[in-house]
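Thanks for coming, everyone. I have a few minutes and one model to walk through. Please have a look at it first.

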Amino acid sequence: KQVILSCSPDILAQFPEDAAALQGNDGYAVLQKGNQLYILATRPHGIVNAVFRVLFKSSDIIWAFPEEEDGTFFTPNPNLSLAIVGLDIPKMTQRGWQLGFGRPNEFMWIVRQANNWSVHSAGGVNKLNDEWDMIKECLGGHNLNTVFISEKKYYATRPDFFPLINGERVKPSSKPYRTQLCFTNRDMIAAFKQEFDAQVKRHPTASIYRVMIEDNHDQCQCEACQADIVLPDGSVLTAKDPNFYSTRFFLFLNEIAEHTKANYPGKNLLCFAYFFTEIPPAIKIDPIIRVQFCPIFKNSKYPITAPQNKVTLDKFNAWLANTTNMTWREYYGLVLDFPRPVDTIAAEDFRYCLEHGVKRHFSEMENYDVERKQRTYGRGLAAWDCNAMYFWVLANLQWNPYQDVKAMRREFLNRVFKDAAPDLEQYFAMIEEKWLAGPTKSTWSTPAKAQWFEVTLNDKNVVDVLEGHLRQAEQKVRDPKAKDLLRRIRISFDLYKNKGRLPSMTIPRCEGEPPFDPDFAAAPWTKALTITEFCHQDSNKPYDDHPLQLKYLHDGENIYVGFRSTNPGIVKKINPKLRHGQLEALQLYFEVTPDKAVTPDQGPYNATAISLVGGLEIPNYTSPLPMVRKVKETPDGWSLWVKIAIRDTGFDPAAKKLRGLYSFRFWTGKNDNQWYDGFVGPKDAVYHVPVCFADMILE
Ligand SMILES: [Zn+2]
């Protein structure tokens, strides 16, 4: 008896019908002819897929997470017989993960799930990628400044290639996420084409060249970039139109596409539909341009077809009307250490994509590239520990998104945990049920603590039931590797099960507006709610760099806040890396009613930060709440006085209750370009999720 693995045309010719079905895809066929078992594909990666899928179908093996030995579960079987599965063709042509840096263990986990795209596919220069015949693109991620128009080569002589913002041509190195380009500049476009030519020389065998906008919303404000765009049908687009900047970019990229077709026929371009290009342009894009649609603002609790994701769906559908040469590029695998059941949601998204002609997918996924002893809570291994089942389902769903997700989860649990599987199924099901019922939007950056809080709400019954399922599973699990995974699944549960609720803040009443007394030592501040204990985010360690004092009062209509930072000389200091140079700020959070939320999609709250010079920093994803503010430099630091009209939150002052939070933000100096990278506030606080805010009782 023989097993023959082949993609030779001569052998395929013996099976003409199967060979025809395998043309143009990386599926495979397992066929018996006489004493020979043929495993056939039309390209090497099809054989790779066959090996792993046939082994999976013929035994109880599972590659559960990216560790060669500890992550592989199977029962030894000296009499393995291979399943004759016939034709097995993937429904999605691109299946993959941007998993860490693609270290061998991460890369091989992807390959073993019959996926064909990893982070090395994007770079196109990796040996493993070639050896395993994975999809090959080149030039990597955000790359306008790194690959094409670099500051080093061009800024000194041609600053006009870079965007004009607030009167100056911005250097990419002056921004945390670099800069876009001046997309109308004819000389820049000519230089870009030359740089493109150089990249084709460098990657002569690639067929997909990436031209990826940088990771920011900035736009060139020069006259030419801001000028109205006259469309082919004669209509006019102005800079106020939502699709203006996307159109500006694709006018530029279509020109690069023309250059590509003229000089390198058969080669393709790839770009993002992300930030300002998430909205499709008002012009048709060239058919050689592949578009990676990145739904970064999508609510992961719901599929794209749900009303909660209408904004994203509208953009995606508008893109589909322009081109179907698209890739669905999600963030399903970025979850932190909460078991986030997005596999069912992904299945629906994948089906929507397939039914609209989009067959390519990849998502970002947590790294698995650190030593376990270096484990830190949050990202990476900690996230993998409680999400291994979901990640495995997500990876395998892409082959056929019409599979039964619950059955796939059961398959994972049975293969890894055997007798303990039913208890873990119930454990995960309860978390899923509670999580879906909660009000908080879930995205790639939603803190684990907030999601756990939503599941347990410090409810003893829920915690006890989950605890019971884990105990049952712990009594039944036998395999030492499974035991260890179960131990790790428990870690995040134990860490978060009784955490998150903040004590309520009772705010005393004053008559009329209290004065701005920089020491807040006189009446009525003497009877205010006074907070002097601040704790570091995550570590919960007390902040003891210098004294802080925060006071709250209300007069029935307004909230008054008094704040002092005792840090002599701080007002004169600057962070030289930043133009504004600000080093400290008080951030005030209030929940607002949905009608007051500017982008309800992002959660109905404000998060206004007031800096030591009185400047406001309002992240663009929260709802601005009007605040009257006064700032004074004092001999030993600075003081802040703030007034907020309760009605502006949308809540009735007569209800005598609000929900909110505070944090003190500062620059640690560890991160050159990032301002305010330190957060301190109430112990256990989660800052950007309203369900985790404290009740504020108005006395
Ligand atoms: Zn410009």
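Let's start with the layout. The chain is divided into domain 1 (2-88), domain 2 (142-203 + 211-255) and domain 3 (505-698). Note that domain 2 comes in two segments, 142-203 and 211-255. The centres of domain 2 and domain 3 are 38 Å apart, taken over C-alpha atoms. Keep in mind that this is a predicted model.

Now the metal. Which residues hold the zinc ion? The protein donors are Cys-182, Cys-220, Cys-222 and Cys-225, each through its SG atom. They lie 2.2 to 2.3 Å from the zinc ion. What is the geometry of the site? It is tetrahedral, and the angles among the 4 donor atoms run from 106 to 112 degrees. For reference, the ideal angle for four tetrahedral donors is 109.5 degrees.

Along the chain, the donors of the zinc ion follow the spacing C-x37-C-x1-C-x2-C. Cys-182 sits in the loop between β9 (168-169) and α9 (186-202), while Cys-225 belongs to helix α10 (residues 223-226), so this pair ties together parts that are 43 residues apart in sequence. Are these two buried or exposed? Cys-182 and Cys-225 are both buried.

Stay with those cysteines for a moment, and turn to the cavities. The count comes to 4 cavities of 30 Å³ or more. The largest cavity holds about 60 Å³ of space. What lines it? The lining is Gln-180, Leu-181, Phe-183, Gln-219, Cys-220, Cys-225, Tyr-245 and Arg-248. By class, the lining of the largest cavity has 5 nonpolar, 2 polar and 1 charged residues.

Next, an open site. The second largest pocket has about 450 Å³ of space. How many residues line the second largest pocket? The answer is 21, and Arg-43, Thr-93, Asn-116, Ile-135 and Lys-136 lie nearest its centre. The lining divides into 4 nonpolar, 10 polar and 7 charged residues.

Now the backbone. As background, most residues other than glycine have a negative phi, and most peptide bonds are trans.

Start with Ala-114. Its phi is positive, about 60 degrees, although Ala-114 is not a glycine. Ala-114 lies in the loop between α4 (104-112) and α5 (119-123). Is it buried or exposed? Ala-114 is buried, with a relative accessible area of 1%.

Asp-133 is another case. Its phi is near 50 degrees, again a positive value in a residue other than glycine. Asp-133 is placed in the loop between α6 (127-131) and α7 (144-148). Why does Asp-133 count as buried? Because its relative accessibility is 18%, and the cut-off for buried is under 20%.

From Ala-523 to Pro-524 the bond is cis, with omega near 0 degrees. Pro-524 is in the loop between β17 (505-507) and β18 (529-531).

Lys-460 is in helix α18 (residues 460-476). Lys-460 is exposed, at 58% relative accessible area. How far is Lys-460 from Asp-88? In sequence, they are 372 residues apart; in space, 48 Å from C-alpha to C-alpha.

That's the tour. Over to you for questions.

How values were computed. Residues numbered from 1 in each chain as written. Predicted model: local features only at pLDDT ≥ 70, side-chain atom pairs only at ≥ 80, totals over all residues. Heavy atoms only, no water. 1 Å grid on protein atoms, 1.4 Å probe; cavity = no way out; pocket = protein on both sides within 12 Å on 5 of 7 lines; lining within 4 Å. Points joined across faces, edges and corners; volume = space filled by probe spheres on them. Nonpolar A, V, L, I, M, F, W, Y, C, P; charged D, E, K, R; others polar. Donors = N, O, S within 2.8 Å, 3.2 Å for Na, K, Ca; no water. Tetrahedral: all angles 85-135°; square planar, octahedral: opposite > 155°, others 65-115°. Helix = DSSP H or I, 4+ residues; strand = E, 2+ residues; numbered from the N terminus. Buried < 20%, exposed > 50% of the residue type's maximum accessible area, 1.4 Å probe, protein only. Domains from an automatic or database assignment.
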